[in-house]
Amino acid sequence: MDFYLGLAQVIGIHTLLGLSAWCVLHTGQVSLAQGGFFAIGAYAAGMLTSMWGWPLAAALATGALMAAAVAVAVGFPALRVKGLMLVVATTAFAEIVRLFFFNLQWRVQTPAGPVGPDGSLGFGGIRYFPSNGWTTLQVCILIWVLVAAVMFMLWWLDRSRVGTVWRAVGEDELAAQSAGINLTAAKVSAFGIGGGIAGLAGGVFAHYATHIEHSNFSILLATFAIAYPIIGGLSSLAGTLLAVIFIQGFLTEGLRFIGDWRSLLFGVLIVVVMLVRPSGFLNRSLGRSLGLGRATATPQTGDATRGASTHA
Amino acid sequence: MLELKNLSRHFGGVKAVDQLELTVRKGEILGLIGPNGSGKSTTVNLITGVYQPSAGSVQFKGQDISALPPHRRTELGLARTFQNIRLFGQLTVWQNLWAARVVREAGWAGFRERWLSGAKAAREQAEELLVFGDLAHKRDMLAANLAFGEQRRLELIRAAASGAELLLLDEPAAGMNAEEIQDLDSRIRRLRDQGRTILLIEHHMELVMEVCDRVAVLNFGRKIAEGTPAEVQQDAQVRAAYLGTDEPATA
């Protein structure tokens with residue numbers, strides 16, 4: 001039973017992480033910085049509860065807000081670059097964050113002994129759950145309440161004008177600008193909200209793991225973050241959740257017997273999805289038949305190719 | 001409504017637009033024509049803010065907008081369509097309009113428009129435009145799946161959905177057959193009758209001569225003639241520019 005509860009916790013945390021990338025991908029930006037925002041939330045929330053005895057809710061909220069603030073700060077310069085250059089820039093940012101925590105040493109005395117980030121040795125003793133007598137089940141419920149809350153918020157957002165504007169920016173930036181859409185506001189708000197969600201996920205992760213270190217926040221984590229919405233498809237939130245369940249539940253845990261070959265399968269999966277279903281496994285037409293999507297989809301017509309000709 | 005003052009844009013040594021003076025009056029349909037490469041598209045891009053002018057200024061409703069980014073110009077009431085249709089393909093027809101609605105309200109009303117489902121009046125406006133564009137029955141279809149003529153109509157009403165007072169139509173008839181052009185003609189007139197001003201950049205002479213109140217002619221980045229369609233058709237320099245002479249026309 002504990003194995004499944006543990007797995008449910010991991011799936012919940014990774015769903016939050018995937019949803020954070022979902023926000024940013026909507027505006028057409030591929031960001032590998034989500035792992036960095038996750039790390040900021042993890043360290044901030046972990047430090048607040050373990051070093052200064054903050055209540056959990058306040059620590060998680062503060063961690064999320066700090067990650068969101070950093071994301072907004074990163075979002076502005078990131079506007080200047082697109083596509084591959086944005087991938088490089090956000091990767092560099094995530095590495096800066098990782099190396100910052102690799103070097104950060106800040107220990108304080110508590111009744112339970114010295115606590116705090118200890119550089120390359122990591123940051124242990126984030127023992128809010130055990131010392132407050134939380135059971136694994138309770139932690140699991142907390143995580144999934146947060147997942148549900150974030151999913152509801154994003155579902156709401158996607159129906160609002162803000163969500164439509166994000167999608168419009170992701171479709172065509174010049175057309176969006178000409179339609180009166182402020183690109184800066186759209187991209188930075190997506191970065192900020194996505195960063196906040198990643199920070200929340202990080203805060204939960206720190207308390208779930210009780211010990212975190214810089215290597216938890218490597219580029220692999222950021223790759224997972226964007227892989228979920230890409231594999232699941234951007235047209236619905238459920239796609240991201242299903243992708244996490246598939247990758248974490250089946251690919252990582254279910255195939256444990258094949259050992260490290262699993263990471264290779266992860267790469268294969270991404271390539272296959274890109275080839276077979278570029279808009280994600282759960283694209284609009286499948287989503288609609290499952291009652292998840294809203295948009296009507298019919299096969300592409302060739303008509304759009306007309307119009308190049310002009311009458312002189 | 002719109003004034004171009006001494007507007008120039010040079011690309012290296014090429015004077016794409018050179019000392020252009022042009023005034024669009026409120027409520028009129030002004031045609032901007034010229035042979036290929038005469039600077040029409042550059043002019044559109046200068047007015048909408050895609051390019052910055054090398055010299056001169058763009059004035060809209062008495063305000064110098066030369067330095068404003070494109071979305072600010074649209075907020076002020078200036079919207080465009082594109083020669084090569086640029087819709088939000090993976091958004092529905094309705095979402096295309098909804099994304100293009102410029103929120104000008106402040107405070108709670110603005111918050112409601114941005115983050116909630118929007119005020120009833122705003123949705124009704126968009127519905128009216130759907131009816132105007134004959135697209136009400138396709139409101140939930142993805143824009144990419146519309147037929148060519150429907151995509152053109154959606155671009156037109158998307159520009160109008162921003163609440164624009166001045167519409168810049170960049171070759172809206174490109175690729176259309178005679179029947180579709182007739183339809184476009186009446187739609188442009190109806191948009192004007194709703195109180196909008198229209199700057200029509202077009203290759204299709206019949207449409208321009210039919211629908212425009214006044215016409216300005218560009219050649220080599222300069223304005224070589226301006227007047228009613230009849231006057232412009234009689235103009236010797238215009239005839240030379242279109243029929244071709246060895247001597248470049250001078251203004």
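This is a predicted model: local features need pLDDT of at least 70, side-chain atom pairs count only at pLDDT 80 or more; totals for chains, interfaces and linings use all residues.
Strands E1 and E4 of chain B pair in the antiparallel sense, over five bridges. Within this pairing, Lys5(B) stands opposite Ser57(B) in E4(B).

Strand E4 (residues 55–60) is joined to E5(B) by two bridges, and the two run antiparallel. Phe60(B) has Gln63(B) in E5(B) as its bridge partner, while Gln59(B) stands opposite Asp64(B) in E5(B).

What lies between E4(B) and E5(B)? These strands form a hairpin with two residues between them, where Lys61(B) takes a positive phi near 50°. That is a positive value in a residue other than glycine. Asn6(B), however, is found in strand E1 of chain B. With 12 C-beta neighbours inside 10 Å, Asn6(B) counts as exposed.

Chain B has another sheet to visit. This open sheet has six strands in the order E6-E7-E8-E3-E9-E10, and its pairing is mixed. At the edges stand E6 and strand E10 (222–227) of chain B; each has a single partner strand, so one side of each is left without a neighbour in the sheet. From one strand to the next, the twist averages 20°. Helix H10 (residues 236–243) of chain B packs on this sheet, touching strand E9 (214–219) and E10 of chain B, with a direction about 125° from that of E10(B).

Inside the six-stranded sheet, strand E7 (residues 166–170) and strand E8 (residues 197–201) of chain B run parallel and are joined by five bridges. Leu167(B) has Ile198(B) in E8(B) as its bridge partner. Leaving aside neighbours within four places in sequence, Leu167(B) is in contact with Ala79(B), Ala159(B), Ala160(B), Leu191(B), Arg196(B) and Ile198(B).

Leu167(B) also leads us to the largest nonpolar core, which has 161 residues. The residues with the most contacts inside this core are Leu16(A), Ala201(A), Leu167(B), Leu200(B) and Val217(B). Which element gives the most to this core? H9(A) does, with 13 residues. In soluble globular proteins, nonpolar side chains tend to be buried together.

That brings us to chain A, which has 13 helices and two strands. Of its 312 residues, 48% count as buried. Among contacts in chain A between residues at least 6 apart in sequence, 76% join residues at least 24 apart.

Helix H6 (residues 136–159) of chain A gives a simple check on the geometry. At 1.5 Å a residue, its 24 residues should span 34 Å, and its end C-alpha atoms are 35 Å apart, which agrees. The buried residues of H6(A) include Leu142(A), Leu146(A), Val150(A) and Leu154(A). An α-helix has 3.6 residues a turn, so residues three or four places apart point the same way. The buried residues of H6(A) pack against helix H1 (2–26), helix H5 (128–131), helix H7 (161–171), helix H9 (183–209) and helix H11 (237–254) of chain A.

Finally, look at where the chains meet. The contact takes 43 residues from chain B and 32 residues from chain A. On the side of chain B that touches chain A, at least two residues each come from helix H2 (70–76), strand E6 (78–80), helix H3 (93–100), helix H4 (107–115) and helix H6 (148–161) of chain B. The residues on that side divide into 19 nonpolar, 16 polar and eight charged.

How values were computed:
Residues are numbered from 1 along each chain as its sequence is written. Chains are lettered from A and ligands numbered from 1 in the order in which they are written. Two strands pair if DSSP finds at least two bridges between them. Helices (H or I, at least four residues) and strands (E, at least two) are DSSP runs, numbered from the N terminus. The expected span of a helix is 1.5 Å times one less than its number of residues. A residue is buried if 20 or more other C-beta atoms lie within 10 Å of its own, exposed if 12 or fewer, and partly exposed in between; C-beta atoms are placed from the backbone. Two residues are in contact if their C-beta atoms, placed from the backbone, lie within 7 Å. A nonpolar core is a set of buried Ala, Val, Leu, Ile, Met, Phe, Trp, Tyr and Cys residues joined through C-beta atoms within 7 Å. Ala, Val, Leu, Ile, Met, Phe, Trp, Tyr, Cys and Pro count as nonpolar, Asp, Glu, Lys and Arg as charged, and the others, Gly among them, as polar. Axes are lines fitted to C-alpha atoms, for helices over the stretch in contact, and angles run from 0 to 180 degrees between N-to-C directions.
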